[in-house]
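Dear colleague,

Please find the structure below. My notes on it follow.

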Amino acid sequence: KMERDIIADYQTRSAAAQAEADKYGKLVNEYSLYRLGVFGLFIVSVCAAVSFDQISIMVVIGLLCALCFGWLITRQNEFERLKNYFLDIKSINDNEIASMSHRTNIYPNGEWFEDDKHYYTSDLDIFGSNSLFQLIDRAATLPGIRKLASWLLEPSEKTVILLRQQAVNEIAEKNDWRIDLQAHLLFNLKQKREQI
């Protein structure tokens, strides 16, 4: 029951993020048309100014069109950024659903840390496909990935383990913050995949 509730929450968040991404996608398209309209107006005004031999009008209209065009580009870029942000939010939520339902993960599974000579990691499926690392990894930076791997490669003192569990519990209560942070770091994960 609890797992179904968690999945339902992620599905609701995913649908809401998709709706926001669609909204901003439409605004991107609208502002693209506005830019085209401003450019067309500039061309028409240049033709009219040339035909009436009014260069001063052409300069004024050109400056106004350039300012308007620049403002439209700025707004369109902001809408594009927001659209991509909400698509990343959707990806994060979809990943959590897939992780719970199918044990898949968009984050690395740590296969490059596998070591057959290590005294427990290969026996316990710590790294690689369907491993503990694949289940818990949400690190989007190379230092974060390495830090998590180092924690799993070496036994820790009980006090350290309890502190880590306390940190996980604190983050678990801040789901909105965690999803926002993951979404902001998702671009980094895409870049790091090639570097690992």
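A search of the whole structure finds nine salt bridges, a salt bridge being a side-chain nitrogen of Lys or Arg within 4 Å of a carboxyl oxygen of Asp or Glu. One joins the side chains of R81 and E78, at 2.7 Å from N to O. Both residues lie in helix α2, three residues apart, about one turn of the helix.

This is a predicted model, in which local features need pLDDT of at least 70 and side-chain atom pairs count only at pLDDT 80 or more, while totals for chains, interfaces and linings use all residues. Residues are numbered from 1 along each chain as its sequence is written, and side-chain values use heavy atoms, with hydrogens and water left out.

Helices α1 (residues 2-51) and α2 (residues 55-102) pack at an angle of about 165°, with their axes 7 Å apart; helices are DSSP runs (H or I, at least four residues) numbered from the N terminus, and axes are lines fitted to C-alpha atoms over the stretch in contact, with angles from 0 to 180 degrees between N-to-C directions. α1 and α2 are therefore roughly antiparallel (an angle over 145 degrees). Their contact comprises 30 nonpolar, ten polar and ten charged residues, where Ala, Val, Leu, Ile, Met, Phe, Trp, Tyr, Cys and Pro count as nonpolar, Asp, Glu, Lys and Arg as charged, and the others, Gly among them, as polar.

I136, R138, L148, V168 and I171 lie nearest the centre of the largest pocket, which 34 residues line (a pocket is an open set of points on a 1 Å grid where a 1.4 Å probe fits, with protein on both sides within 12 Å along at least five of seven lines; lining residues have an atom within 4 Å of a point). α5 gives the most to this lining, eight residues.

Regards

Technical notes. Helix = DSSP H or I, 4+ residues; strand = E, 2+ residues; numbered from the N terminus. Parallel < 35°, antiparallel > 145°, perpendicular 65-115°, else oblique.
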